[in-house]
Structure formats: structure tokens, C-alpha cells
Amino acid sequence: MAGSTPRLGIDMRNPIEIKKVEQMAENLAKMDPVKGRSLWQDARKRFFKNRAATASLVVLGLIVLFSAFGGLFAKWPNDEIDWSMLGQIAEMGQPSIQNGHYFGVDELGRDLFARTIQANQISLIVGFVGAAVAVFVGTLYGAISGYAGGRVDSVMMRIVDILSAVPYFFIVILLLVVFGRSIIMIFVGIGLVNWLSCARIVRGQTLSLKQREFVQAAQAMGVPPFKIVVRHIIPNLIGVVIVYGSLLVPEMILAESVISFLGVGVQEPQTSLGVLISEGTATMQYGTFWQLGFPLAFFTLILFCFFYIGDGLRDALDPKDR
Amino acid sequence: MFNLILRRTLVAIPTLLILIVVTFLLMHSAPGGPFTSEKPLPPEVLARVEAKYGLDQPLPLQMWNYVVGIVTEFDFGPSFRYKDRTVNEIFAQGLPITLTYGTLSFVLSVVVGVFLGVWAAIRQNTWIDYLTVAFSMLAQVLPNFVMGPILILIFTLWLGWLPGGGWNGGQWQYIVLPVIALSTSFMASIARLMRSSMLEVLQSNFIRTARAKGMPESTVILRHALKPAMLPVITYLGPVFVYMITGSFIIDAIFSTGGLGYYFINAAFNRDYAVMMGVTLLLGGLTIFFNLVVDLIYGWVDPQIRY
């Protein structure tokens, strides 16, 4: 509309305006009947309104793509030593396009570009799988406990109370020392720690959900209890669980990095961001800052993205602010 | 109050028992005992050594002896690796160091964190507020194992002001960097928590009433708003304590401070089970005790809580 036209009155002498109105009528005729917005559409809209969360999602997507396919561009494998540089890493090992070490080389002369990609993969996998394990176990446990109620509930929750007082950090390290350092053990170890709080949250939600009509209807129709939990209770918990899970992923990545930093995490030739950061900090006094910089940049970026995405999801799925 | 202490203690006992049983079983299911080495010991010698450490007895009896030793004499047994040292001696060396910089970091992060949070809340949407929020975001993604080396780089290698490691009997120069590295991220999270809860409290009716009465703003904040706003922070203190212990292991690794973490990680590489178990139990017990204290403080600050 032209600047001089009042917002509500349409100037019918103007052919462009007439065209617009015709078009509008046409559009109205073709328009689909009004559709209700589902919870998910609503949440998606709210999520994408949050700029920080959307930007984080994009950046994280790029990092995931880079970690998945960046290896195709690497000129060097992640476990091969570039013998030509040995002993002169600080002078010759810096990032360079010509010799194919885009991120430089590490202390032993291995290509840091390939190593960083590998570390990203492992850290992201640990984050996602660890969170998935914790959320899966916690949700099932919490929903069963809450739905069963009564004595079963109080026993199950006492168990959670007792277990959450155990300092798991030690148990995880013990597990790694005793059963050998492997990624599976890290999953089990960090997954073990985090299902407890998930179980608590889910149980609280279940307690209120099981009073609702659709659960009563299912009960009246004789649906077996476990099926009610899986088919009726858990789908209604998805919002809470997704938010919790998304906040758990960075925790997992951090936990894995701490363990790897201490040297009891993943083993060579595998690597993770914690290992690379640890190696980078050990050598930074020789001026090889790229060995710390690249892994650290990815690490911080990934954490930042997950924190913002988690926040965005919480805002989008929280029925309180609607 | 008494009821609460009783109930918490009742939960603490099975927790400690689980801790003992799990660590014990884990240790004994491990392939390769503490005396396996590249040159295998003659069987007679091995039998003698195992008899000396009580490893030839049935497992439940070993566990029983271990627990009885701890409960009656606070004796965590001998180290399996260093023949002339007991686990207690290792505690005596490592624990004071861990506690010194741990306590300092804890106090520092709580005091500064609360102060920053309150300041940011009462100056909402000014540069102080933005700076605090930015600081807390940044500190969240720079965990202490990144913070430590960066501090060393700046203050030791570039500026040369402070030593980059060691303990040296706890001279202050040696404590500064570990304390900063350990406390920054908790300081940031406490500041963030304090800021948001303070903002919420400042919206409430009793604050409006207090202001309407013409009370000076400082009294409103310190006498009326601070206590209820502290509640989420107090709940957070339990986890902070646990993370501090975890963090102290990293600090020991970075700054070679020689705290318990150093012995624990060393023991993990040497398969020195006695030391690992001892450290796990001692710090586990401390954690459980600390959580009880936090609960008590919570009950004292918030009179609405009924146990």
C-alpha cells in the first residue's frame, strides 16, 4: 500500500489497489479451511522465533555436517605421522593450505584436521547416545514408578534417592579402569549417572497424568498397565523429556571431556575433544596454539549451541508462557 | 529437625554400603590383581603376599574386615602399590591440600557469585547486568580444564607473575591460580541463579510493601529480598560441592598441587585398589555429609519447609 493511503481505506481509483483486492478475493476463495495448530506446530513456531536458538541449530547442523563429511576433504588420515615434520612441529606444524594440514599437526605430527573431525564425531556421539540412554532408562523407570504408585512407587523412589547420593564420578573411573577404557563403558558410566534426575521429573509428571480422563478411559477398557504407560503416559511426557534430553547432551560431552582430560577416557587411536584439548594445553608453552585452539573452538561452539537450543526448546514447549 | 537428621542418616548408611559393595566387587572382578607384573611372582611368594594383605580370604570376609577396620579405627588399610605406605598416610598428605584450595574456591564462588547476582539484579539492564550475564555464559563453556591452562599461559608464561604449578607448603602464590581456575565456572552459575531468583523476588508483593513503607532500598534488598532469593542457590550448593571434588581432580592434574585427585588418578593407572577405594569412600562420605548440611541450612532459611 502506498504511504499516503490510510491503513483501512483502500483507494479504488488506483489500478494496483484494485488488482490487489481481486487477488485477495481469489486467494480467499482458494484458501483451505482454517486448520487448528497442533502443539508441535505451535512449539516449532515459538522455537524459530527465538533467534539465538535458531542460529545455534544452524551452527550445530553445520558442525554435525562437518564432522560427518569433513573427513572427505582431509588430505591426511588421522593416525598417520607426517615424518617430514618430526622434531620441528613448533616451527613447521602450523596450519597451512599448501601441505594439506588445514589445522596444523599435533605433537606427534598427526594431521589435526582429521583428528579434530574424529574427536568431534566421538564427542557428539557420546553426547547424543549418553543422553539417549539416560533419558530412555529414566523415562521408563519414572513412568512405571509414578503409574504404579503406592508401595512400589515409594520403594522405587527410595532407590533413586540412595543412588543419587553415590558420587558417580568415582564409579565411572573405576568402571573404566576395571573393564578397560572403551566408548561403550563411557556410555554406560555417564548414562548411569543421569537417568536418576530424569526418573524423578518423569515420575512427577506421571502422577498428574494418570488422573486424566484418557488414562481412566484406557483403564476402563481393560488396557494392561504396561501398555497404558507406553502408549498413553509416555507420549504425553515427550515435551519434558525432549527438553531434559537436550540439556543433558552438553553435560554428557563435558563429562566425557573431563574423563578424557584426566587420561582415563577414550584410548588411542581414538580421540575426543577432551583428549585434544588436554594435548593442546600440554604443548601450548611451545607456542603451538593451534593444537589447543581448534579443538577448543569446536568444543565451546558445540556447548554454546546446545545450551541455547535447550533453552529455546524449554521456552517453546513450556505450556506456562502460552 | 531431629527427624530429618535421623532420616537422612538412614538413607546415608545404605548409600555408603552400596558404595563399598560396588567398589569392592568392581575391584575384585578386574582382570589382573595388584601384584601382577611382567615378571610373574613365584606362586609361593604370591600366596604369602596375598595372605599378608588378606586377599586369600573369602570375599564377604574381606569386605567385612575392611568395613570393620574403617568403622572402628578409621583404618583404610595398606596401599597395594607403595609397600611402605598406608592409605591413611596418603589421605594425610592429599586431603589437607584438596580441602585448602577446595574450601577457598567454594567460599569465593559463593560470596562473589551471590554478590554479582544481586548487583546485576538490582541494576537490571545496565552494563553491570549485561557484563554479568556475558561472564556467566562464557564461564559455562570454559570449564576448569580449559580455564587452568589458559591461566597458566597468561600469568605464568606471559606475565611471569605466579608459579604455574606445585604446592610448596601452601604459600599464597601457589594457591591463587588453582582457586581461580576451580571457582570461576561455579561463580558464574551461582551469579546467574542468584540474578534470576533475585529478579523474581523483587517482583513480589512483600517487597512492594517494604518499599511502600519507605524503607531504604539497601534494607529492602539485604533484610527482605536476600534470604528468599538465596533458596535456589542453597539447593545448588550440594551439586557444587560434588563438582568441586571432581574439579579438584582436574586441578591436581593441571597444577600438580598434589591433592587427593593426584593420588586417585595415579592409583587408577597403577591398579592400586586400596587407594582408589579409600578415596572413593572418603570423598563419598564427605559428599553425603555435606548434602545433609545443605538440607539443614535450607530448612533454617526457609521456614515454610516441613520435613
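Guide:
**A helix pair in chain B**

Of the 307 residues of chain B, 36% count as buried, where buried asks for 20 or more other C-beta atoms within 10 Å of a residue's own, with C-beta atoms placed from the backbone. This is a predicted model, in which local features need pLDDT of at least 70 and side-chain atom pairs count only at pLDDT 80 or more, while totals for chains, interfaces and linings use all residues. Residues are numbered from 1 along each chain as its sequence is written, and chains are lettered from A and ligands numbered from 1 in the order in which they are written.

Chain B has 11 helices and zero strands, these being DSSP runs numbered from the N terminus (helices H or I, at least four residues; strands E, at least two). The axes of helix α4 (residues 87-122) of chain B and α10(B) come within 7 Å and cross at roughly 130°, the axes being lines fitted to C-alpha atoms over the stretch in contact, with angles running from 0 to 180 degrees between N-to-C directions. The two helices α4(B) and α10(B) are therefore oblique to each other, since angles under 35 degrees count as roughly parallel, over 145 as roughly antiparallel, 65 to 115 as roughly perpendicular and the rest as oblique.

To this contact α4(B) brings Ile90(B), Gly94(B), Leu95(B) and Thr98(B), and α10(B) brings Leu260(B), Gly261(B), Tyr262(B) and Tyr263(B), two residues being in contact if their C-beta atoms, placed from the backbone, lie within 7 Å. Beyond this pair, α10 (260-270) is among the helices of chain B that each supply at least two residues of the side touching chain A.

Note on methods
Buried ≥ 20, exposed ≤ 12 C-beta atoms within 10 Å, placed from the backbone.
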